[in-house]
Amino acid sequence: MTATQTKSHTIIAWLEDKPGVLNRVTGLFSRRNFNIESLTVGHSEVKGISRMTFVARGDERDLQQVETQLDKLINVVHIADVSQEPTVVREMALIKVATSGQTRGEIMQLVSIYHASVVDVDMTSLIIQIVAPEDRVDSLIKLLDNYGIEEMVRTGQVAMVRGSSRHGHSHSAATVAANGNGNGHHA
Amino acid sequence: MSELKTGGQIIWESLIHEGVEVVFGLPGGTILPTYDDLYKYNYPVHHVLVTHEQGAAHMADGYARATGRVGVCMATSGPGATNLVTGLATAFMDSTPVVAITGQVPKTLLGRDGFQEADIRAISMPVTKHNYLITDIRDLPAALKEAFYIARTGRPGPVLVDITKCVQQDSMEFTYPATVNLPGYRPNRLTPDAAVIDRVARLLNEAQRPVIVAGQGVSMAKAEVELRQLAEKANIPVATSLLGVGTFPATHPLSLSWGGMHGEAYCNYALQECDVMFAIGARLDDRLTGAFSTFAPKARIIHVDLDPAEMGKNLTIDTPVVGDALLTLRALLPQVEPNEHPAWLGQISEWRSDTTERDILAQETDELVAPYVMRQLWHATNQGDCTVVTDVGQHQMWEAQYFYHTKPRSLLTSGGLGTMGYALPAAIGAQMGRPQEEMWVIAGDGGFQMTMPELSTVMQERLPIKIAIINNGYLGMVRQWQDVFYNKRYVGTPLFNPDFVKVAEAYGIPGRAVTRKEDVFDAIRQAQNTAGPFLLDFQVEEFTNVYPMVAPGKSNADMIRRGRPVEN
Ligand SMILES: Cc1ncc(C[n+]2csc(CCOP(=O)(O)OP(=O)(O)O)c2C)c(N)n1
Ligand SMILES: [Mg+2]
């Protein structure tokens, strides 16, 4: 057997917006022992189609299994591993940091270096919002930790391929929604 | 305006549209409106009342395996639905097309933990190909249409449709949809690319020691003839998986029988030594391969399957081929060159003669052993002109070893899940689907008792099923593991059995106990000559083991073999 290398892959899946669909996806991940680092879901540009971005770690076999098993779910319309493509990958985090009169200025400096923003202020804390690639979010969090993080929430990563859409999945999803008859499975 | 139909009526009319003739089920509160509509409709579909919903699911499964059509079962919510689960999992593992319809509590009670509520959609998710919870009658026709479509197309499997009681009682105008809207489902019958076919042909043409491994997918694609043409054209020996038994005649000179944990030794040797393996319609699971990393170490493996997720799932594949078995074989045949492989076939026949020597039937014993029963049954059925439905355990392995299957779909068995209790209900379904077929159940004394009450279903439907119990007084296969791996500590495996002939009698089924070799054939003949069902209780030697045997997690090269007759 060839040596196996584990890597992180960013994968986008387009799902029919049907009841229980997330249940199916997460159930599959846990049942098949897939190693998922982050997962986010939201609306896509097509009504009735949700877009999920997830980051999976594994060797080539694991990744091939993630993709093919997921694709087998009836409500999964399309799936694409965009790890090898030029992509914009972003994550958002809200971080509540404890502040005092002395530290507020230092923190504001960090916020501006990281192109983050302050979205709430009171006497003893700040809420900072950052939208950035994961490693930059990590690095800001590490710095803010020195001041005492009171609360934090991260969205997980979302991804989009740069340039005009070569995948065509959004188009196929649009076609599906438009003609209402999928690939025309005449039974 | 056309007339309004109730949800219950829509269910029955949809089944009729799908050509369903029989439904296996058992009613309860939340499915009652649908049962009531059956009465009002004057029984357009034959309903078979079962004694346990597990039986209903196995019957639908047996019906589907015997006919190739979708089997249908029905149950009420809560315990009715959960009782189906073992049968659904059995069908899922073996890719059997089944549609299960369950009642669910009314929408207003969903999530309130009311009487007989169970979230069967969530429970059945990992053991169905797809499932639905219908809470609005407007979604019902499409869901039923899709359920049948998904169950029978692509890689088949079970689909469950859970329908709230209020949907069954609601009404609407009904037309059965002509098409399905499933943008994420593309079950096309693919022909692989020409370049892939070229590569496969080249590998086969250059092979010195080629082997074909054929699975159930070959029968599903109805490609048995093409499989045989390929084997004969290039003189390639054919092994099958357990579910593939019958796809290639076991009596054919190129047959290697079947391989794996209890496969023939010469078959496993051939699989281990081959240089090119052409696996088609078989998912190559651990029971066939032994430890994955040790399987067929010298082989370049070509894997043909219509399910892309099977490619490389367990093994490192040289040439994955995503395609329909029939279309792939048709494309491949003209490019495969005639070949003789004399050295390779000679080697295999040498291995085979060693197996013959270690055959349990070659051992001198007066005791009644199960393999003897299997062989006699094969003779008595005009060399296997019948369908055999086996349960799970030692008898299942012996049947597959000693009964030569030559017809497709002539062995129905739970291979993937290994579900004890499968045989009797599956045979009921199979017999309903193929009323003219001689139908044999072969079950262990343990597994038979798991679904034994379905004997009443046999009588209720007046089915001429012949039942052979291989009565060894033990959960035999587990006892064998205890013998080999746990130093003969037989914990929880000796059985306290009823008198099976008396049990049968209580149901009105005639029977006969057999304790001596010389009575076996005559007893089988008696069963065959009796109109209607018959039960044979073969009281066999208790401690016989199934050989060869590969310890779980070990290599198929390390088979535990039966001693030679002289050494015994
Ligand atoms: C439902 C279920 N429970 C447990 C097992 C584990 N198991 C596998 S074979 C076997 C023994 C079967 O005994 P019997 O039906 O008497 O058949 P025999 O092996 O004796 O031929 C058991 C318990 C199983 N396969 N299925
Ligand atoms: Mg037994």
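Predicted model: local features only at pLDDT ≥ 70, side-chain atom pairs only at ≥ 80, totals over all residues.
**Figure 1. Elements of chain B contributing to the shell around ligand 1.**

**Figure 2. Residues and polar contacts at ligand 1.** A polar backbone atom of B:G418 lies 2.8 Å from a nitrogen atom of ligand 1. For B:M420, the distance from a polar backbone atom to a nitrogen atom of the ligand is 3.4 Å. An oxygen atom of ligand 1 is 2.7 Å from a backbone N or O atom of B:G447. On its own, ligand 1 has 590 Å² of accessible area, and the protein covers 77% of that area.

Figure 3. By the ring-pair rule, the count over all chains comes to 13 aromatic pairs. In the pair formed by A:F29 and A:F34, the ring centres are 6.3 Å apart and the planes meet at 65°, so the arrangement is edge-to-face. Both A:F29 and A:F34 are buried. Ring pairs join A:F29, A:F34 and A:F54 into a cluster.

**Figure 4. Aromatic pair of B:Y474 and B:F543.** The rings of B:Y474 and B:F543 form a tilted pair, with 5.5 Å from centre to centre and 55° between the planes. This pair links distant parts of the chain, 69 residues apart: B:Y474 belongs to the loop between β19 (466-471) and α20 (476-485) of chain B, whereas B:F543 lies in the segment after β21 (534-539) of chain B. B:Y474 has a relative accessibility of 11% and therefore counts as buried, the limit being under 20%. The relative accessible area of B:F543 is 38%, so this residue is classed as partly exposed.

**Figure 5. Charged groups over tyrosine rings in chain B.** The charged end of B:R479 sits over the ring of B:Y474, at 5.8 Å from the ring centre. B:K517 is placed over the face of B:Y372, and its distance from the ring centre is 5.2 Å.

**Figure 6. Overall context of chain A.** Chain A contains 5 helices and 10 strands. Of its 187 residues, 41% count as buried. Among the contacts in chain A with a separation of 6 or more, 71% involve residues 24 or more positions apart.

Note on methods: Residues numbered from 1 in each chain as written. Chains lettered and ligands numbered in written order. Heavy atoms only, no water. Helix = DSSP H or I, 4+ residues; strand = E, 2+ residues; numbered from the N terminus. Buried < 20%, exposed > 50% of the residue type's maximum accessible area, 1.4 Å probe, protein only. Contact = heavy atoms within 4.5 Å. Phe/Tyr/Trp six-rings, centres within 6.5 Å; stacked < 30°, edge-to-face > 60°. Lys NZ or Arg CZ within 6 Å of the ring centre and 35° of its normal. Polar contact = N/O pair within 3.5 Å; in protein donor to acceptor, adjacent residues only side chain to side chain. Areas by Shrake-Rupley, 256 points an atom, 1.4 Å probe, with all protein chains shown as cover.
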